[in-house]
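Work through the exercises below with the structure at hand. Each task is followed by a solution in steps.

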Amino acid sequence: MQAWQVHRNGEPGEVMRLDRTEPPTPGDGQVLLKVRAANVNFPDALLCRGQYQVRPPLPFTPGVEVCGETEDGRRVLATPALPYGGFAEYTVADAAALLPAPDALDDAEAAALHIGYQTGWFGLHRRAGLEAGETLLVHAAAGGVGSAAVQLGKAAGARVIGVVGGAAKAAVARELGCDVVIDRHTEDVVAAVKEATGGRGADVVYDPVGGEAYAQSAKAVAFEGRIVVLGFASGTIPAPALNHALVKNYSILGLHWGLYNTKNPKLVRHCHEQLTELAAQGAVKPLVSERVPLGGAAAAVQRVADGVTTGRVVVLPGLTEGGAA
């Protein structure tokens, strides 16, 4: 089979190499999956760089999220068992963690429903307790993680403010349903949030960016607001001033979604049921901006790493270079 492999750590576009290998052999409790679609996530870039919390042995195949097909023909969502990631024709995954792919979504959309939307659901509902009528501020609102949070926030009845970088991403955020869009390239984010909320600030802030975005979050969060920290796409990990949280009465909430797979897997399945229902209603639908063949995976991961994409970029091993399935 064909599989992208990383033989040394570095930038995805430089270290990912398309090799011909034997299909992986499932271990105890694992199943072999034919990859129908593999969604590109920022952690794939971190894996290539050797900066992710999990460091698989070299060489490994990146790709942390797939829509796959079991040997008996079932269409499922899975997080592949590294080092056999999803940017390949076949992968392996833990049988107990497989989730049925929603009928309402095609392969690319289904692959993108898993990690980003689970993270959004857990962040907004489990951690922050978002309520209808509250204001939700989403950083990187046009990206893969942010776009999921925007849709889930709207589905929950929140007023959503999206922060983006550039006019093109602003247009995407509006199409996603943001009530207010702030272009951080041309506007003062904190002032714009205060203006949009009558000086009150945002009840919940969803921050996958870190760095300057977190500093803005602390200034723009409302009394008794909640800041959900998901990651640091900016490359800078902020050091929160706890005295500021004290005097302003807000909460800083961490979220590592992957922990729920081991700490409370029943919640993951419950969340998937909620997401499947929302997809069936049309309340959420992953924004797939690019569908690329297997040969384009390295370039796709690099684009996501560089922050130049909107929505989700999905690798389809069955797609030819000319675009036909």
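Axes are lines fitted to C-alpha atoms, for helices over the stretch in contact, and angles run from 0 to 180 degrees between N-to-C directions. Helices (H or I, at least four residues) and strands (E, at least two) are DSSP runs, numbered from the N terminus. The model is predicted, so local features need pLDDT of at least 70 and side-chain atom pairs count only at pLDDT 80 or more, while totals for chains, interfaces and linings use all residues. Residues are numbered from 1 along each chain as its sequence is written, and side-chain values use heavy atoms, with hydrogens and water left out.

**Exercise 1.** Determine how helices α2 and α12 are placed relative to each other, and which residues make their contact.

Solution.
Step 1. Locate helix α2 at residues 42-49 and helix α12 at residues 297-306. Their axes come within 8 Å and cross at roughly 100°.
Step 2. Angles under 35 degrees count as roughly parallel, over 145 as roughly antiparallel, 65 to 115 as roughly perpendicular and the rest as oblique. α2 and α12 are therefore roughly perpendicular to each other.
Step 3. Contact means heavy atoms within 4.5 Å. From α2, Phe42, Asp44, Ala45 and Arg49 take part, and they meet Val301, Val304 and Ala305 of α12.
Step 4. Sort these residues by class (Ala, Val, Leu, Ile, Met, Phe, Trp, Tyr, Cys and Pro are nonpolar, Asp, Glu, Lys and Arg charged, and the others, Gly among them, polar). The contact of α2 with α12 has 5 nonpolar, no polar and 2 charged residues.

**Exercise 2.** Find which residues of α2 are buried and what they pack against.

Solution.
Step 1. Buried means under 20% relative accessible area, exposed over 50%, and partly exposed in between (1.4 Å probe, protein chains only).
Step 2. Asp44, Ala45, Leu46, Leu47 and Cys48 of α2 are buried.
Step 3. The partners of the buried α2 residues are β1 (2-6), α1 (12-15), β2 (16-20), β3 (30-39) and α12.
Step 4. After α2 comes Gly50, with a positive phi near 75°.

**Exercise 3.** Describe the packing of α7 with α8.

Solution.
Step 1. Helix α7 covers residues 189-196 and helix α8 residues 212-220; their axes are 9 Å apart, at an angle of about 30°.
Step 2. α7 and α8 are therefore roughly parallel to each other.
Step 3. On the α7 side are Val189, Val190, Val193 and Lys194, and on the α8 side Gln216, Lys219 and Ala220.
Step 4. By class, this contact of α7 with α8 comprises 4 nonpolar, 1 polar and 2 charged residues.

**Exercise 4.** For Thr135, Gln302 and Thr119, state the element that holds each residue, and list what each residue touches.

Solution.
Step 1. Thr135 is in strand β8 (residues 135-139). Its relative accessibility is 9%, so Thr135 counts as buried. Leaving out residues up to four places away in sequence, Thr135 touches Arg159, Ile161, Thr197, Ala202, Asp203 and Val204.
Step 2. Gln302 belongs to helix α12. At 16% relative accessibility, Gln302 counts as buried. With residues up to four places away in sequence not counted, Gln302 touches Glu11, Pro12 and Gly13.
Step 3. Thr119 sits in helix α4 (residues 115-127). Thr119 counts as buried because its relative accessibility is 12%. Not counting residues up to four places away in sequence, Thr119 touches Tyr206, Leu230, Leu255 and Trp257.
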